[in-house]
Amino acid sequence: MDIKITKVAPEKMKPKPTDESKLGFGQIFTDHFFIVEYETGKGWYNASIEPYRPLILDPAVMCLHYGQLIFEGMKAYRGKDGSVYLFRPGENIKRMNESAVRLCMQPVDEDLFMDALVKLVTVEKEWIPRGIGTSLYIRPTMIATETALGVHPSNKYLFYIIAGPVGAYYPEGFSPTKIYVSEEYVRAVRGGVGYCKAAGNYAASLYASQKASDLGYTQVLWLDAIEMKYVEEVGTSNIFFLIGDELITPPLTGSILPGVTRDSIIRLAKDWKINISERQLSMDEILDAYTDGTLKDCFASGTAAIVSPVGQIYYKGREYVINDGKTGELTERLYNEILQIQYGEKEDPFGWRVKISD
Ligand code: COI
C-alpha cells in the first residue's frame with residue numbers, strides 16, 4: 001500500500017529541543033505521524049504520514065469503553081557518524097500483531113508497518129537526538145473506532161505511529177532504583193492479557209505503583225497472581241536476578257511481556273557463556289540467596305530504560321540492599337553492550353540493527 005506523505009510547512013514546524021540532557025521521556029512529539037484506517041470488508045486503507053494533529057473521535061468509539069487499545073514501544077538511534085538505526089523492529093511488529101490477535105483486533109500487514117516506520121523516522125530524522133542515552137521513541141498504537149456500545153470486537157480500527165525525542169526513562173537515570181514487592185495487588189494472571197502490550201495492563205498497574213511511589217519506591221515488583229510467590233515483572237519491565245553464577249528471569253507463561261530487550265539479554269548472556277535460566281524464582285529463594293550472600297545483582301529490562309539496576313527491595317516489612325546499593329558489574333556490562341549495538345558503535349553479531357539512513 002502506498003503511504004501518502006504530506007509535510008508540515010517549514011514555518012509551522014515545532015521548535016526542536018536544544019538541551020538533550022533535559023529530554024525526559026514521552027513529553028515531546030515530532031511534527032508528523034503515520035495513520036491508517038481499517039474497516040471490516042474493506043481492509044486497511046488511507047495510509048498517510050501527515051502533520052501531527054489531535055484525533056477526532058466519536059465519544060462512543062469502542063476503545064473508549066471496552067479497552068481495545070494496544071501499543072508498542074521502540075526506538076530509533078543516531079550513531080556518531082549520523083547513521084540512523086532501528087533495533088529489532090521486526091520483533092515489535094510481531095508482538096503488536098500478537099497483541100492484536102489476543103484482543104480480537106486487526107493485525108497490520110508487516111510490510112506496511114515496516115514501511116511506515118522507515119518513512120516516518122526518515123521524515124523526522126532531524127528530531128533524533130545525538131547523545132548516547134537519547135533516542136527517538138516510537139509509539140505504534142491501535143485503537144478500536146467502531147461507534148457501538150454492544151460488547152463485540154470492533155469492525156473499525158485506527159493504527160497510528162507517533163514519535164518523540166527521549167532521554168532517560170527514570171529520573172534516577174542509570175542509577176539503582178528502589179523496588180517494592182506488592183503482596184496485595186497483581187499486574188496480570190496466566191490466561192489473561194499480561195503478555196500483550198494492552199493499555200489496560202498499564203491502567204491495572206497504576207494503583208500499586210502509586211502506593212509504592214508514595215512510600216518512596218521507584219517501582220513495584222509484581223508477583224505471580226496465583227501463589228503470590230514467584231517474581232514476574234518490575235514496573236513496566238522484565239526482571240533479572242543474578243544468584244551465584246546463574247542469571248535468572250521468569251519464564252514466559254502468559255502473564256509476562258515477552259520483552260525485546262529481555263530476549264536480547266538472554267541471547268547475549270548465552271553468547272557470553274553465562275548460565276542463564278528462564279525459570280520460576282520465588283521470593284523465598286531470593287531471600288535465601290540474600291542471606292547466604294549469593295544474591296549478586298538485579299536489574300530490570302525494557303525498551304524505555306534498556307537496562308535499569310535495582311539497588312534495594314522492600315518485602316514484608318524489610319529492606320534488602322543488593323550489591324551495596326550500587327550498579328552491578330553484569331548490569332553495567334549488559335547495558336553498555338546493548339547501547340553500543342544500538343548506536344552502531346559495536347559489531348552486531350545477531351543482526352539486530354536495521355540501518356535506515358546514512
Ligand atoms: C518499556 O519499558 O519499554 C515500557 O514498556 C515502558 C513504556 C510503557 C513507557
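**Figure 1. Tyr66, Leu149 and Val151 make a nonpolar surface patch of about 330 Å².** In this predicted model, local features need pLDDT of at least 70, side-chain atom pairs count only at pLDDT 80 or more, and totals for chains, interfaces and linings use all residues. Residues are numbered from 1 along each chain as its sequence is written, and side-chain values use heavy atoms, with hydrogens and water left out. Patch residues have over 30% relative accessible area and no salt bridge, and nonpolar side chains are joined within 5 Å. Areas come from the Shrake-Rupley method with a 1.4 Å probe. Valine 151 lies in the loop between strand E7 (135–144) and strand E8 (156–166). Its relative accessible area is 70%, which counts as exposed (over 50%; buried is under 20%, partly exposed in between).

**Figure 2. Lysine 80 and glutamate 345 form a salt bridge.** The term denotes a side-chain nitrogen of Lys or Arg within 4 Å of a carboxyl oxygen of Asp or Glu. The closest N and O atoms of this pair are 3.6 Å apart. The two residues are 265 residues apart and link distant parts of the chain. Lysine 80 is exposed, at 75%, whereas glutamate 345 is partly exposed, at 36%.

**Figure 3. Glutamate 91 and lysine 94 meet in a salt bridge, at 3.5 Å from N to O.** Both belong to helix H2 (residues 89–102); because they are 3 residues apart, about one helical turn separates them.

**Figure 4. The ligand has an oxygen atom 2.6 Å from an N or O atom in the side chain of lysine 197.** Such a polar contact is a pair of N or O atoms within 3.5 Å. The protein buries 91% of the 290 Å² that the ligand exposes when taken alone.

Key
A polar contact is a pair of N or O atoms within 3.5 Å; within protein, one must be able to donate a hydrogen and the other to accept it, and residues adjacent in sequence count only if both atoms are side-chain atoms. Patches are made of residues with over 30% relative accessible area and no salt bridge: like charges are joined within 9 Å, nonpolar side chains (Val, Leu, Ile, Met, Phe, Trp, Tyr) within 5 Å. Helices (H or I, at least four residues) and strands (E, at least two) are DSSP runs, numbered from the N terminus. Buried means under 20% relative accessible area, exposed over 50%, partly exposed in between (1.4 Å probe, protein chains only).
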